Amino acid sequence: MLQLKNLALSVARAACAVLYCGVFAGAACAQSVAFTFDDGPSLDATPRLTPQQRNDAMLAALARHQVKAALFVTAGNGADKPAGYALARAWGEAGHAIGNHTMTHPDLDNAKVSLAQYQREVLDCDKIIATLPGYQKWFRYTYLREGSTPDKRAGMRDFLAAQGYRNAYVSLDTSDWRLDEHLAETLDKNSQADLAPLKKAYLAHVRERALAYRALSQRLQGRDIAQVILLHHNLLNALFLDDVIGMFKDMGWTIVAPAKAFEDPVYQFSPQHPAHGQSLLLSMSRSLGMDKLDEKKRLQDDGEADIGRLKAQGY
């Protein structure tokens, strides 16, 4: 039985690899990555940079490297107000895609959040972002959680299909949000703190995740998939996005637009057993019965190991 399962998996991998290389002919199946950002734009105050400065810094870094990205808008963070709406519009005007990340970022896994409530969050956000340049019918689940019950998961998939939305899956998940929290804590204690150690830790974190998810894609698909990275519209990336993009280039990765990455057939996969709050690749490993992987522990760490090392150094 195990031999038959392994044979079926090998055939599926080979078929997917052939299809992928046919679609992406000329790229020699080289490793690529698309940049996407969640939860923006926020009007919350942060040390050192205003909301406008944070937005400008991220857009400047993308422009400097000629990268087209996607912003998944949580409208209640600011886009439902004129100042925040203008920040989101700047992304569309710069040629970036605009996607839906609900109004207030509820958790569909929460028993207190009904399916109807969650769907209303999507529709209310859609009313705002549909007026922006770059608008796409792309939806990203908050917390990457697709529902704690079969009824919620099936109900949302049917709803998205009826609304013409695609699931904007993430393959390369990061814990930049947790490192951003540590950044805020550091600057609250000392507004003039040296941020070089934190930048070094952040780059090392993203690099480790990138290499681990690349290895996982090779184990699950037998090839390099077009990775879609999840970062956030936050102070951390306003300060260090230029360095993150430069690191990927130094690693030899090709940066593509999200629309191009989503052409990879891996993003047609609908996990039967989603890994709650995790990347598509971890969900895929569960659905294929391969979830006891060496990579799993470090990929599910929310950056605590990185922060622990920083604290041990006095940062």
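**Before you start**

This is a predicted model, where local features need pLDDT of at least 70, side-chain atom pairs count only at pLDDT 80 or more, and totals for chains, interfaces and linings use all residues. Residues are numbered from 1 along each chain as its sequence is written, and side-chain values use heavy atoms, with hydrogens and water left out.

**Stop 1: the largest pocket**

Select D39, H105, W177, E181 and H232. Of the 35 residues that line the largest pocket, these lie nearest its centre. A pocket is an open set of points on a 1 Å grid over the protein atoms alone, with protein on both sides within 12 Å along at least five of seven lines; lining residues have an atom within 4 Å of a point. The volume here is about 780 Å³. Volume means the space filled by probe spheres set on the points, and grid points are joined across faces, edges and corners.

Now colour β1 (32–40), α6 (176–189) and β6 (226–232). Each gives at least two residues to this lining. Helices (H or I, at least four residues) and strands (E, at least two) are DSSP runs, numbered from the N terminus. Which element supplies the largest share of the lining? It is α6, with four residues.

Colour the lining by class next. You will find ten nonpolar, 14 polar and eleven charged residues. Here Ala, Val, Leu, Ile, Met, Phe, Trp, Tyr, Cys and Pro count as nonpolar, Asp, Glu, Lys and Arg as charged, and the others, Gly among them, as polar.

**Stop 2: the second largest pocket**

Select R157, L160, A161, Y165, R166, N167, Y169, Y267, Q268, F269 and S270. They line the second largest pocket. Two elements give two or more residues to this lining: α5 (150–163) and β5 (166–167). The largest share, three residues, comes from α5. The pocket holds about 190 Å³ of space. Its lining has six nonpolar, three polar and two charged residues.

**Stop 3: the cavities**

How many cavities of 30 Å³ or more does the structure hold? There are two. A cavity is a set of grid points where a 1.4 Å probe fits but cannot get out.

The largest cavity has about 130 Å³ of space. Select L144, E146, N167, Y169 and Q278. Of its 15 lining residues, these are the closest to its centre. The lining has nine nonpolar, four polar and two charged residues.

For the second largest cavity, select H182, T186, D194, L195, P197, L198, L310 and Y315, which line it. This cavity has about 50 Å³ of space. Both α6 and α7 (196–221) supply at least two residues of its lining. By class, the lining has five nonpolar residues, two polar and one charged.

**Stop 4: the backbone**

Most residues other than glycine have a negative phi, and most peptide bonds are trans. Go to the bond from G40 to P41. This peptide bond is cis, with omega near -15°. P41 sits in the loop between β1 and α2 (51–64).

Move on to Y143, in the loop between β4 (135–139) and α5. Its phi is positive, near 60°. L144 is also found in the loop between β4 and α5. L144 has a positive phi of about 60°, although it is not a glycine.

Show the surface last. L144 is buried, at 13% relative accessibility. Buried means under 20% relative accessible area, exposed over 50%, and partly exposed in between (1.4 Å probe, protein chains only).
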